[in-house]
Amino acid sequence: MSTGAGGAALLVIGDVVTDVVARYGTPLAHGTDTAAEIRTLPGGAGANAACWAAHCGAEVRLLARVGTQAREWHEERLRRAGVRTHLVVDDLVPTATVICLVDASAERTLLTDSGAALRLSPADWSPSLLDGVGRLHLSGYLFFADSSRQLAFAAMESAEERGVPVSVDPASAGFIKELGVDRFLASVGSVETLLPNADEARLLTGLTNVTDAAAALSRRAGVAVVTLGGDGALVAEAGAVTARVPPVPARARDSTGAGDAFTGAFHAARLTGADPVAAATAGCRAGARAVATMGGRP
């Protein structure tokens, strides 16, 4: 396993998911069959980001919760990807499952059964998980259930005590709407870095212009990096957009996990001392590689 600068690792707390990816080239035929290419793949925003960070050379650890049946499969896939796993086994519910419907434009629609993923609890946390860690990244999905939200609070408190920078990927505009924007923003507090996509940035600020939204978010967090899909990314710091990072051309096949790839590569670069703009540039390169393949992992 490769090591980040100074031996500092990235700790990701998030979700491990079994993805059922269905890629189809014609409009869905309601009430009958539609031909599709279907694969069962390991996924999850947190797990995907961890794998991409490891792929980009970082030492990575992952804390997540899984069901008993799929534990060995997921653990083996993560280990092969270079991720050191801390998987809590849940005997009551299965591993989270997501059905990813990917259309001809590579856009995906998700049907989500959170399963064990959001049943992480403060009892699963130990400050010792931060030993040797240089950055902590939280999947936004943690904030959408009471138990996992309390774990996120405990982890952020421990990170603050140790001076470890914290980042959050808001994860889902749909789930943010259900929870409430104000409640979500209050939960994430003043983290060092926010990593929303354009839709999430607009929702979190109420601003229609994504540049204005990025700037506004960077007044709450030290850095806001807004991914724009095929248009690259915006980097904002201290209330102003400091860079627009151009996209990397790619032939899109499946957009599943592109944002996770960006997040993983971004953190791998930050661990080596890259500034937010250089890290976002690395993120765009990884995102381009991700959309060219099926599934959310390298």
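**Ser 121 and its surroundings**

I looked up Ser 121 and found that Ser 121 touches Ser 147 and Leu 151, leaving out residues up to four places away in sequence, where contact means heavy atoms within 4.5 Å. I note that this is a predicted model, in which local features need pLDDT of at least 70 and side-chain atom pairs count only at pLDDT 80 or more, while totals for chains, interfaces and linings use all residues. Residues are numbered from 1 along each chain as its sequence is written, and side-chain values use heavy atoms, with hydrogens and water left out.

Is Ser 121 buried or exposed? Its relative accessibility is 18%, so Ser 121 counts as buried (under 20% relative accessible area; exposed is over 50% and partly exposed in between, with a 1.4 Å probe and protein chains only). I placed Ser 121 in the loop between strand S7 (108–113) and strand S8 (133–139); helices (H or I, at least four residues) and strands (E, at least two) are DSSP runs, numbered from the N terminus.

**Ala 70**

I then turned to Ala 70, which lies in the loop between strand S4 (60–67) and helix H2 (71–80) and is buried, with a relative accessible area of 17%. Ala 70 touches Thr 18 and Thr 95, not counting residues up to four places away in sequence; from Ala 70 to Thr 18 I noted 52 residues in sequence and 8.3 Å in space, C-alpha to C-alpha.

**Helices H1 and H8**

I checked how helix H1 (residues 45–55) meets helix H8 (residues 258–271): their axes come within 7 Å and cross at roughly 45°, the axes being lines fitted to C-alpha atoms over the stretch in contact, with angles from 0 to 180 degrees between N-to-C directions. That makes H1 oblique to H8 (angles under 35 degrees count as roughly parallel, over 145 as roughly antiparallel, 65 to 115 as roughly perpendicular and the rest as oblique). Among the residues making the contact are Trp 52 and Ala 53 of H1 and Gly 264 and Ala 268 of H8.
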